[in-house]
Amino acid sequence: MEFSGKNVLVFGTGISGISAAKLLLDKGADVVLFDGNEELDRTRILENFDDTDRVRLYLGDLAKEAAAVLDLVILSPGIPLDLPFVIEFREAGIPVWGEVELAWQCGKGDVLAITGTNGKTTTTALLGEIMEHSFPHVKVVGNIGIPYTGAVEDSTEDTVTVAEISSFQLETIREFHPAISAVLNITPDHLNRHHTMENYTAAKLAIAKNQTEEDVCVLNYEDEIIREHADQIRAKAVYFSSLHRLDEGIYLNGNKIIYADGTSETEVVSTDELNILGRHNYENAMAASAMALSYGVPLEKIRETLKSFQAVEHRIEYVTEKRGVRFYNDSKGTNPDAAIKGIQAMDRPTCLIGGGYDKDSSYTEWIRAFDGKVKVLVLIGQTREKIAEEAKACGFTEFVFADSLQEAVDICYKRAENGDAVLLSPACASWGMFPNYEVRGKMFKEMVNALEE
């Protein structure tokens, strides 16, 4: 699309919205920047732009005269598609895109895109490092911290973009077409936004909807939902598996990750050589390896990066040891399935901190996964009573309430003994207590490091 002279509404003034607005201004568009929160600081928002003459900012309500002349609407990921005036835009025939589609339309080069309920950030970071060691022009973007729209302006046909893509972002794609995609897993999450698992599954699988037989889609063989829907994907499927031997693909055999091409098998790496813990992380390593191999990266380059890669911040991240107690920050465990991976990675008695914002999740499977490891569950946030009721229903009664993260840390430190672990793995989003999981994780680390020996 030609953006010069177009009137474009950008809905949302967070990192994604500001980045999208800047890109549109660079492309010659006039931007209507809107946020429903009328209490935001107008001056601070406008400080993001060198040229404010082509930015009209509305907070609280969008003026009818501004809405009447729009050529395009760009939604930030947090904006639901079923808001009444978003529906009105669509019914009026105004295209409604998200940041990913805008970036795709403006960018150049190949895109390697990753989605899934869990593991996206680790897999994206790992694949990004592999590609950076193999190609001169690599961008690593998405929820990992750099908006996709912020990395396309200087892209060329030689650029390789590794992108972490959420279900929220995939709802608004139109022509987005990665050369290689990956769907790591699909488990219940964000049902307050998507309403049904069918909608959520469709959003995740949309990552491959514009791919052709010439492209590759990397899939988790162990995920039943993915296997059920794999026939909807036109791209060549490349599977990875942590429990089954594959004739073609990448699989885990004991402590060895194996690549099978249909005629021969090659060891990629031993899990003993990795710096990341847990079967789910071995799956992430396999997914990244499958994507890199499919793009033509030599196996030795992949192997070198796998051995040197360090765990992503906030994902089963070792913090420190005090009085023989090891502390782990898994603040990115924002849903029950992710938090199950956190507790499975623990190899010692664990004092667990959980709870937070309610995304209409069920916590029963998470509680059942405690498997005798959890000495005490310290619950915080909006969901603490709900989790407590589900815990009692599962026969787990070793839980206590805390009114703050600091109180939860203090309780765990008092209850933990030499040889134990304290794990922050909330199974819930951070909203309501913290702006995001990163802030929650950083505060946890600060509190832990401040504990007296």
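C428 is buried, with a relative accessible area of 1%, where buried means under 20% relative accessible area, exposed over 50% and partly exposed in between (1.4 Å probe, protein chains only). This is a predicted model, in which local features need pLDDT of at least 70 and side-chain atom pairs count only at pLDDT 80 or more, while totals for chains, interfaces and linings use all residues. Residues are numbered from 1 along each chain as its sequence is written, and side-chain values use heavy atoms, with hydrogens and water left out.

**Cysteines**
- The count of disulfides, meaning pairs of cysteine sulfur atoms within 2.5 Å, comes to zero.
- C428 is in no disulfide, and the nearest cysteine sulfur, that of C394, is 15 Å away.
- C106 counts as buried because its relative accessibility is 11%.

**Nonpolar cores**
- A nonpolar core is a set of buried Ala, Val, Leu, Ile, Met, Phe, Trp, Tyr and Cys residues joined through side-chain atoms within 4.5 Å.
- The largest such core has 54 residues, of which L24, L33, I74, L102 and F176 touch the most other members.
- Helix 1 (residues 15-26) gives the most to this core, with six residues; helices (H or I, at least four residues) and strands (E, at least two) are DSSP runs, numbered from the N terminus.
- A second, separate core holds 40 residues, including L184, L252, L274 and L306.

**The sheet and a helix across it**
- Nine strands form an open sheet in the order 7-8-6-9-10-11-12-13-14, with mixed pairing; two strands pair if DSSP finds at least two bridges between them.
- At the edges are strand 7 (138-142) and strand 14 (265-270), each pairing on one side only.
- Strand 6 (residues 110-115) pairs with strand 9 (residues 180-183) in the parallel sense over four bridges, and I114 stands opposite A182 in strand 9.
- Helix 6 (residues 120-132) lies across strand 6, strand 7 and strand 8 (160-164), running at about 170 degrees to strand 8. Axes here are lines fitted to C-alpha atoms, for helices over the stretch in contact, and angles run from 0 to 180 degrees between N-to-C directions.

- H314 lies in the loop between helix 12 (299-308) and strand 15 (317-322), and counts as buried because its relative accessibility is 3%.
- Not counting residues up to four places away in sequence, H314 touches (heavy atoms within 4.5 Å) several residues, among them N329, D330, Y437 and K445.
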